[in-house]
Structure formats: structure tokens, C-alpha cells
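Welcome! Please take a moment to look over the sequence and the 3D view before reading on.

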Amino acid sequence: MTGDPTIGDAPDGVETEPPVEEFSSDNTFSSRHAELARGYGGADDPADPAQVLAMPLVLHIPKVAPPLRSELLEAAARATVALCLDPRVGVDASWHEAFTEWTSARIRKVARRARGAQWVAAQDVPGVTIDVGGASARAFVPGRVGDLDPRIKRLQIGGTDVADEDELPPSPGPVLWVDASLSMTVGKAAAQVGHASMLLAGAMSAEQCREWAASDFACSVRSADPEQWARALGELRSGRAVAVRDAGFTEVAPGSTTVIAVP
């Protein structure tokens, strides 16, 4: 991406709109990483549901030949962290105010399904798209639920499931283990792995995260059976992993550990 003052700030292969702005010299990869590393405000949601802040995610799930679940979730995880480190969320940039307002509150994401012309239209709404194999997901600039762009608002929240698959062993690099016993829908799991990719990036040093960005945030998302989940919990207890604990608004009980991300 041109316009960012820091060399290597925009990973190759991440699909973003051409920049239309010049970026401040203070807007560096390190400064954007520091925003993630600071963590999140966790403020209570406003009384008016329309004022709740959320990051929309859209999953491309065509009716014919739907994508693999693991690839779809990987695309969602990578799109989320790519947006969080995009130059446009940096200081003085066009997405900065909306992004930092969201990170100062409770981190919420809502995943929707798109097909055909709906998916094409969604590409014109500010965000970042990632393709993984036959799967695609787009993360959008966070904002108030009541102000959601009509091209996204009209998309279904339900109907995001795809068939289970025989998953391959994880590739080298970070692995996001999803607790299979929770039986989350793809939409719910997409939000959870998006949380996990943010937490993982924030837990890394700036240099480690820059190296991950250079691989286009490559990772594996896999379902963890009880034995694998126990191993992931061991990594978490040893401080070698990060975990997502859900607030329990949908599908799972409050406090459930949904995803463990192992670098």
C-alpha cells in the first residue's frame, strides 16, 4: 500500500481499497500495534441497542460450492487483524476515530452471510477482504449498529453454516483452536476467531507482529476435540497462548472459553 510512511506496513496480498489519503509520520506499524497491545476498554453497552458499537464481518458463502469451514474461519480471522493494523486506523487517518472508539468499548463483532451481487456490493463498503483457498471474508470499519451501511444491514446474520469437513493438520505458524464441544455456528465462530487474532497480535512484540503481517497473517483455524483442547489449555496456563472468553450474548454460556490461539 502506498501512502504509509513506514516501509512494509501493508502486507502483500491483503486486498484493500487504493489509499486516497496521506498518512502522518506518527502513523506507523508500531503505533498501530501498540493500540492492540493496550487491550480494550470493556465499557458496558449503551442502553439503546442502536448505539452499540460492533465490527461487521461478512462471509462469502455461495449456495453452490460453499467454502470449507476452516478456510472461511481463517479468512475471517485474518481479515479482522488486517483491518486492525491497516494504516487507515492509525493516528490522524480516516478510520482512526471509529476504530479507537470501538476498542475503548466492549469488543463486539457481528458476522453476516453474502452471496453473488450482495458480496460484490459489500466490497464498496470500507473494509478489508481476505481470500483463503476458496473462501473469502471481509471485515468492516466498526461503528454503531444503528448506523450500519444498508448494503451490510440487509444481509442475513443467520444461515452462515457450512458442512463440517475432515480437517488437515495445521500449517506452520499460529493455530487458532476452536472448542468443538460448543458447536458454534460459522458466524459465531468467525467472530470468536476474529477476537483471537486481535488478542494474538496484541500479545506479540511489535517485531513479531510485523513478521506475522509479512506472511499476510497466515494461520490455521482448527476444531479441537477434548484431547487437543486439553493440550491448548496447557499452553494457555503456561503463558504460551491467548484465549477468548465469550460474554455469552449468543449461543454459548457467559465466560465460555471459545478459542485458544497458540503462536
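Below is a short tour of this structure, from the model itself to its cores, strands, helices and a few single residues.

## The model

What you see here is a predicted model. The protein chain has a mean pLDDT of 90, and 92% of its residues reach 70 or more.

The largest nonpolar core has 56 residues. The members that touch the most other members are Leu59, Leu83, Trp102, Leu176, Val193 and Trp212. Helix α2, which covers residues 69-84, gives the most to this core, with 10 residues.

Leaving aside residues up to four places away in sequence, tryptophan 102 touches Leu53, Ala54, Met55, Cys84, Ile107, Arg108, Lys109, Pro142 and Met198.

## A four-stranded open sheet

In what order do the 4 strands of the open sheet lie? They follow the order β8-β7-β10-β9, and their pairing is mixed. At the edges are β8 (220-224) and β9 (242-245), each of which pairs on one side only. From one strand to the next, the twist averages 20°.

Strand β7 (residues 175-179) and β8 pair in the parallel sense, over 5 bridges. Within this pairing, valine 175 has serine 220 in β8 as its bridge partner. Helix α2 packs on the sheet, where it touches β7 and β8, and its direction makes about 125° with that of β8. Helix α8 (residues 226-237) lies across β7, β8, β9 and β10 (257-262), and α8 runs at about 65° to β10.

Is strand β5 enclosed or open to the outside? 6 of the 6 residues of β5 (residues 135-140) are buried, so this strand is largely enclosed by the rest of the structure. Both of its faces are covered: Ala135, Ala137 and Ala139 are buried on one side, and Ser136, Arg138 and Phe140 are buried on the other.

Now for the strands that pair with β5. β2 joins β5 in the antiparallel sense over 3 bridges, and leucine 59 stands opposite alanine 137 in β5. Strand β4 (residues 127-132) also runs antiparallel to β5, with 6 bridges between them. Here valine 128 stands opposite alanine 139 in β5. The hairpin of β4 and β5 has 2 residues between the strands, and in this hairpin glycine 133 takes a positive phi near 60°.

## Two helices that cross

Two packed helices are described by the angle between their axes and the distance between the axes. For helix α1 (residues 29-37) and helix α7 (residues 206-214), the axes come within 10 Å and cross at roughly 105°. An angle from 65 to 115 degrees counts as roughly perpendicular, and α1 and α7 are therefore roughly perpendicular to each other. Where they meet, α1 brings Phe29, Ser30 and His33, while α7 brings Ala206, Cys209, Arg210 and Ala213.

Is cysteine 219 buried or exposed? Its relative accessible area is 6%; under 20% counts as buried, so cysteine 219 is buried. Cysteine 219 lies in the loop between α7 and β8. Leaving out residues up to four places away in sequence, cysteine 219 touches Glu74, Ala77, Arg78, Pro174, Leu176 and Trp212. Proline 170 is 49 residues from cysteine 219 along the chain, and their C-alpha atoms are separated by 8.3 Å.

Lysine 63 sits in the loop between β2 (53-60) and α2. With a relative accessible area of 66%, lysine 63 is exposed. Glycine 116, in helix α4 (residues 116-122), is partly exposed, with a relative accessible area of 43%. Glycine 116 and lysine 63 are 53 residues apart in sequence and 9.2 Å apart in space, C-alpha to C-alpha. For lysine 63 and alanine 122, the separation is 59 residues in sequence and 17 Å in space, again C-alpha to C-alpha.

Definitions and conventions: Residues numbered from 1 in each chain as written. Predicted model: local features only at pLDDT ≥ 70, side-chain atom pairs only at ≥ 80, totals over all residues. Heavy atoms only, no water. pLDDT = per-residue confidence, 0-100. Core = buried A, V, L, I, M, F, W, Y, C linked by side-chain atoms within 4.5 Å. Buried < 20%, exposed > 50% of the residue type's maximum accessible area, 1.4 Å probe, protein only. Contact = heavy atoms within 4.5 Å. Pairing = 2+ DSSP bridges. Axes fitted to C-alpha atoms, helices over the stretch in contact; angles between N-to-C directions. Parallel < 35°, antiparallel > 145°, perpendicular 65-115°, else oblique.
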